[in-house]
Amino acid sequence: MTDPTRRNVLRGAAAVAAAGGLAGAGVGAGPASAVPHPTPARHFPFLEGAFKPVTEELTAFDLPVTGRVPRELNGRYLRTGPNVLGLEDPRAHHWMLGEGMVHGVRLREGRAEWYRNRWVRSSQVAKKLGEPYPGPVPPDDFPCNTHVIPHRGRILALQESGPLPYELDDELNTVGTYEFRGTLEGAFTAHTKYDVHAGELHAIAYYPTWDHVRHLVVDPAGRVSRSTRIPVADAPMIHDFALTENHVVILDMPVTFDPAGAERGDIVPYVWNDRHPARVGVLPRAGGAVRWFEVDPVYYSHTLNAYEEGPNLVIDMTNFDAPFLVAGNGSGGPYGAGTPRLDRWTVDLRQGRVRTRTLDDRPQEFPRVNEALVSRRHRYGYSAAAAEMVLAYQAVDGNPPDRAFSNALIKHDLLRGTSQVHRLPRGAAASEAVFVPSDPCDERAAEDDGYAIAYVHNPDRGASDLVILAAQDFSGEPVARIHLPGRVPLGFHGSWIPDA
């Protein structure tokens, strides 16, 4: 394979479905009389239960509400995730490669005006839906499924390692690809960091054929004003990173591109590589050389936030124990040897070392912070504990472990070392919780003066609710439950997009 791009990876999925390597899943079995025992049923946890894709695009107005929608919440809550379209063989599917679908709720003056869900119209999605695709097809075209953010009056759906962002309009229709006014060259990321003080959007981009990763800065004019190449070995997957007031933190862990797997047509050609050292890189934002610090190997999944404390950089993040198999273990999605936890890494720039400790060992993912504090010191963080997600991540050969986990949203007070838990019923899987300030213009407001909002499955209705919690009464009853007309499958990340 001379061009191991995402498009070739997707083509490889079909090859895997036809390969003899699937014989262990019951493919190629002889007549029933030749099989002494029935083959156990194969499960695909990332296509079932709370992950099960929806098949329709819905539009609903004047949504029913239990409780009261705060009148100060005027804007859209958008969240995206993989929602596979037209899947013929589940054995040829990986959750992370499902077509991106954005789910949105419009709030205005105390009302829930509408709910919409829309696939991102890449060329592949347009073809599957029988729609025209305007203009030429860009390289590595993909229906971005990992994050959706506001930027300079635009709504951007994001993906890492190749595909261009897709711009959406206010009603979630796809406008087209976006290149930051023609200044983006090559890959972007799904996990940007926006520094409100500098007006800059930061990214760490990687690509399978690069011998480096790139730190990108999008300036207040919306152009990529700086691109810094950082040499790395083995083409690692750099899913997320951290930003402080004066530094960029690169997390280089042992998940690396596998050229042989790409040549075979592996669905996700990234492997756990014991020969690749785990390390943390610190790049000055003002320019200069990267300093590298070795750490024990883990798989970081997402950073909550980072800040500076004297000569130290403090990074809060969710981590899995090694090894972590991005391609999975026969489950159709990622596999983790343990459950994700909230850790703190402190990079001591004076002593040249990294100290690590666990802040909360309860299974949890998708940590978020008050976005006004990105790169500055924070006190509070919000994370989600979804039982079905933890079980799916631990599935082997498609079968989840025989363990029990709970559903909850968690608010961490990292100053006091305490937490508040909003407990959810069995079957009420919760997505990422995003913090929304009550008044973003009030610079004197408390850090947690606002709301945490998240999509939560409602098992009684067989649909989802948008749950709004008062952040200062986190464990109490929701301020509002907005009842959606359909399900929002467990997915990835989203943003609150306030009215201008």
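Q: Is Asp499 buried, exposed or partly exposed?
A: Aspartate 499 counts as partly exposed, because its relative accessibility is 31%. The cut-offs: buried is under 20% relative accessible area, exposed is over 50%, and partly exposed is in between (1.4 Å probe, protein chains only).

Q: What kind of model is this, and how are residues numbered?
A: It's a predicted model, where local features need pLDDT of at least 70 and side-chain atom pairs count only at pLDDT 80 or more, while totals for chains, interfaces and linings use all residues. Residues are numbered from 1 along each chain as its sequence is written, and side-chain values use heavy atoms, with hydrogens and water left out.

Q: Back to aspartate 499: which side chain does it meet in a salt bridge?
A: Arginine 76, at 3.8 Å from N to O. A salt bridge here is a side-chain nitrogen of Lys or Arg within 4 Å of a carboxyl oxygen of Asp or Glu.

Q: Switching to rings: how many aromatic pairs?
A: The structure holds 20. Rings of Phe, Tyr and Trp (its six-membered ring) pair if their centres lie within 6.5 Å; planes under 30 degrees apart are stacked, over 60 edge-to-face, and the rest tilted.

Q: Why is the tyrosine 77 and tyrosine 455 pair called tilted?
A: Because the planes are at 50°, with the ring centres 5.1 Å apart. Tyrosine 77 lies in strand β3 and tyrosine 455 in strand β31 (residues 450-458), so the pair ties together parts 378 residues apart in sequence.

Q: How accessible are tyrosine 77 and tyrosine 455?
A: Tyrosine 77 is buried at 0%, and tyrosine 455 is buried at 1%.

Q: What about tyrosine 382 and phenylalanine 435, stacked or tilted?
A: Stacked, because their planes are at 15°, with centres 5.7 Å apart. Both residues are buried.

Conventions: Helix = DSSP H or I, 4+ residues; strand = E, 2+ residues; numbered from the N terminus.
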